[in-house]
Amino acid sequence: MAITKNYNRQCLAMAVLSISLADFVDGGAVQPAIELPDGAIVTGGSVMVTEVFNAATTATLDLGDSVDEDRYTPTPLDLKTLGAKALLPTGYVMPLTADLLATYASTGTAATTGQLQLVVEYIDVHKSEWTQG
């Protein structure tokens with residue numbers, strides 16, 4: 001059987017969200033962050049820590065979904081240091097519209113500060129922006 005070409009083309013979508021320590025304090029350690037559509041494949045992204053989460057010992061973030069809470073962060077991201085931390089794309093195709101979940105954890109004396117910006121890049125395989133060929 002020959003390969004059947006797919007003439008549909010998708011643009012890269014980006015979702016950006018600012019998250020502060022207060023979001024986790026007020027809403028709990030696990031928060032729905034970004035809704036991804038059915039057919040979404042995360043192709044990249046990052047967490048930019050703009051204000052350190054100053055917990056005494058550790059402050060980390062995992063990003064995943066209801067099936068795998070650390071799907072895009074197999075090693076929890078360190079929120080105690082400033083700068084960009086990359087997400088790890090896995091090729092997973094979202095079977096249903098669902099939320100990307102952010103899970104915050106800390107040890108030692110609780111943090112009193114913390115701010116980050118989450119950027120998620122994805123394509124939607126069920127969407128066609130144009131055709132080619």
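Mentor: The model is predicted, so local features need pLDDT of at least 70 and side-chain atom pairs count only at pLDDT 80 or more, while totals for chains, interfaces and linings use all residues. Residues are numbered from 1 along each chain as its sequence is written, and side-chain values use heavy atoms, leaving out hydrogens and water.

Trainee: Why is Phe53 called buried?

Mentor: Buried means under 20% relative accessible area, exposed over 50%, partly exposed in between (1.4 Å probe, protein chains only). Phe53 has 0% relative accessibility, so Phe53 counts as buried. Tyr104 has a relative accessible area of 11%, so Tyr104 is buried.

Trainee: What makes the pair of Phe24 and Tyr104 stacked?

Mentor: Rings of Phe, Tyr and Trp (its six-membered ring) pair if their centres lie within 6.5 Å; planes under 30 degrees apart count as stacked, over 60 as edge-to-face and the rest as tilted. The centres of Phe24 and Tyr104 are 5.2 Å apart and the planes stand at 20 degrees, so the pair is stacked.

Trainee: Why is the pair of Phe53 and Tyr104 called tilted?

Mentor: Their centres are 5.7 Å apart and their planes at 40 degrees, so this pair is tilted. Ring pairs link Phe24, Phe53 and Tyr104 into a cluster.

Trainee: How do you know that the charged end of Arg71 sits over the ring of Tyr92?

Mentor: The rule asks for NZ of Lys or CZ of Arg within 6 Å of the ring centre and within 35 degrees of the ring normal. The charged end of Arg71 is 3.5 Å from the centre of the Tyr92 ring and sits over that ring.
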